[in-house]
Amino acid sequence: MTGLLAGVRRGLRRDTRFRVDVDRHFDLEATAFLHGMKVWQVESRLLRRRRQTALSAYVFFGAGWVLFFYWLFEIAITPWTTWSIAPVLEFAPFCLFLFLTAFQSGLQNYQLRTRRLATAWEYLTTSERFWPS
């Protein structure tokens, strides 16, 4: 009884997760039912999110390359002394962050495109179109 009382005090919380089948394919009917929507509404949101992830993947990928080339330029023109090279080396994690964020967006786009949960390895080794669309 105390578990029920604690649940009532906290308030009802909706389950906002996306439902998947045993074979990791999206279960659009169950997701639509849990969210009080129609299946076509869930599909339109998936399509909108797919466009967003494709755009963000390309933006982050492009920004990562721009930052990487700027980083290479800074390495080329910075004299190799102890105090002047430290800021150049501290700049490298930002390039890595942008590339990893682009990869994450690309993976999400791949999952939305194939309508199933995929691992990063499955995304890297796919024979389908790799680039987000």
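Student: Where do I start? How many helices and strands does the protein have?

Tutor: Start with the overall make-up. This predicted model has six helices and zero strands. Along the sequence, the pattern reads α-α-α-α-α-α.

Student: What share of the 133 residues is buried?

Tutor: Buried residues account for 26% of the 133 in the protein. As for the surface, the protein exposes about 9700 Å², and carbon and sulfur atoms supply 67% of that area.

Student: Which residues of helix 5 are buried, and what do they pack against?

Tutor: Among the buried ones are Cys95, Leu98, Thr101, Ala102, Tyr110 and Leu112. The buried residues of helix 5 pack against helix 3 and against helix 6, which spans 120–124.

Student: Now helix 3. Where does valine 39 sit, and what does it contact beyond its neighbours within four places in sequence?

Tutor: Valine 39 belongs to helix 3, residues 39–77. Leaving aside those neighbours, valine 39 is in contact with Leu28, Glu29 and Ala32. The C-alpha atoms of valine 39 and leucine 28 are 6.2 Å apart, although the two residues are eleven places apart along the chain.

Student: Why does valine 39 count as partly exposed?

Tutor: Look at the relative accessible area: under 20% is buried, over 50% is exposed, and partly exposed lies in between. Valine 39 counts as partly exposed because its relative accessibility is 28%.

Student: And valine 20: where is it placed?

Tutor: Valine 20 lies in the loop between helix 1 (2–10) and helix 2 (28–35). Valine 20 is partly exposed too, since its relative accessible area is 36%.

Student: Which residues form a nonpolar patch on the surface?

Tutor: Valine 20 comes back here: Phe18, Val20 and Leu117 form that patch, and together they have about 210 Å² of accessible area.

How values were computed: Residues are numbered from 1 along each chain as its sequence is written. This is a predicted model: local features need pLDDT of at least 70, side-chain atom pairs count only at pLDDT 80 or more; totals for chains, interfaces and linings use all residues. Side-chain values use heavy atoms; hydrogens and water are left out. Patches are made of residues with over 30% relative accessible area and no salt bridge: like charges are joined within 9 Å, nonpolar side chains (Val, Leu, Ile, Met, Phe, Trp, Tyr) within 5 Å. Accessible areas come from the Shrake-Rupley method with a 1.4 Å probe; for residues, only the protein chains shown count as cover. A salt bridge is a side-chain nitrogen of Lys or Arg within 4 Å of a carboxyl oxygen of Asp or Glu. Helices (H or I, at least four residues) and strands (E, at least two) are DSSP runs, numbered from the N terminus. Buried means under 20% relative accessible area, exposed over 50%, partly exposed in between (1.4 Å probe, protein chains only). Contact means heavy atoms within 4.5 Å.
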